[in-house]
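Here is a quick briefing for anyone opening this structure for the first time. Take a look at the sequence and the model, then read on.

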Amino acid sequence: MYNIDETKKLLEKRLSRKRFVHSLNVAEQCRILAELNSEDVEKCTYAGLLHDICKEVPWQDMKKMLIDATFPISREELCSKPLWHAIAGAWFIRTQLNVNDDDIINAVRFHTVARSGMTKVEEIVYMADLISVDRDYKDVKKIRRLAYSDLELAMFEAIKFSITDVISKNSFIPHYTMEAYNQYAYIYKNKVIK
């Protein structure tokens, strides 16, 4: 159903070597997390491969994709060019690759900002991108270990990390991210603080 080999060939043409390897690493983390969470391994791997498909598209082309997309886009996302590739990627896979699976489209769409109500596939892609083997930020080992044992608690830690990182850069936090933070904070409080 998901043509993994053809997708790899497409990505190898569209992406730099570094970004291509990152996409392979994310797909591998998706495979691991899917197995640990009894999710569709092939679907998660495919979504992980696709997550950065528009990462290296020129800004002007990405902007056109955002205009053409029918997804709601927050003001904060519009003001943050580094977030555009996720929206453009979701539009691209739906319109150019004929992907009609909402799990996959949303996994690509929200892999940078998260959102409340994420499906397990969306959580897996978000987390896999953050913990892939090419990541080396300060708390990556801690978040990676947590992701292998409790995906929801890992999501809480990952979103906290992302918000702190965005604040340190004086950038914008989309409402999607804040809503996700509140959802996972609630889960955290119910799991850990009883």
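Which residues lie nearest the centre of the largest pocket? They are K55, T112, R135, D165 and K169, out of 29 residues that line this pocket. Keep in mind that this is a predicted model, where local features need pLDDT of at least 70, side-chain atom pairs count only at pLDDT 80 or more, and totals for chains, interfaces and linings use all residues. Residues are numbered from 1 along each chain as its sequence is written, and side-chain values use heavy atoms, with hydrogens and water left out.

**The largest pocket**

- About 890 Å³ of space lies in the largest pocket; the volume is the space filled by probe spheres set on grid points, which are joined across faces, edges and corners.
- A pocket here is an open set of points on a 1 Å grid over the protein atoms alone, where a 1.4 Å probe fits, with protein on both sides within 12 Å along at least five of seven lines; lining residues have an atom within 4 Å of a point.
- The lining splits into 11 nonpolar, eight polar and 10 charged residues (nonpolar is Ala, Val, Leu, Ile, Met, Phe, Trp, Tyr, Cys and Pro; charged is Asp, Glu, Lys and Arg; polar is the others, Gly among them).

**Aromatic pairs**

- There are six aromatic pairs in the structure (rings of Phe, Tyr and Trp, the last by its six-membered ring, with centres within 6.5 Å; planes under 30 degrees apart are stacked, over 60 edge-to-face and the rest tilted).
- W59 is partly exposed at 39% relative accessible area, while W84 is buried at 7% (buried is under 20%, exposed over 50%, partly exposed in between, with a 1.4 Å probe and protein chains only).
- Y137 and F161 are stacked, 4.4 Å centre to centre with 25° between the planes.
- Y137 lies in the loop between helix 8 and helix 9 and F161 in helix 10, so this pair ties together parts 24 residues apart in sequence.
- F156, Y181 and Y188 form one aromatic cluster.

**Charges over rings**

- R14 lies over the face of F92, 4.2 Å from the ring centre (the cut-offs are NZ of Lys or CZ of Arg within 6 Å of the ring centre and within 35 degrees of the ring normal).
- R109 has its charged end over the ring of F110, 4.4 Å from the centre.

Terms used:
Helix = DSSP H or I, 4+ residues; strand = E, 2+ residues; numbered from the N terminus.
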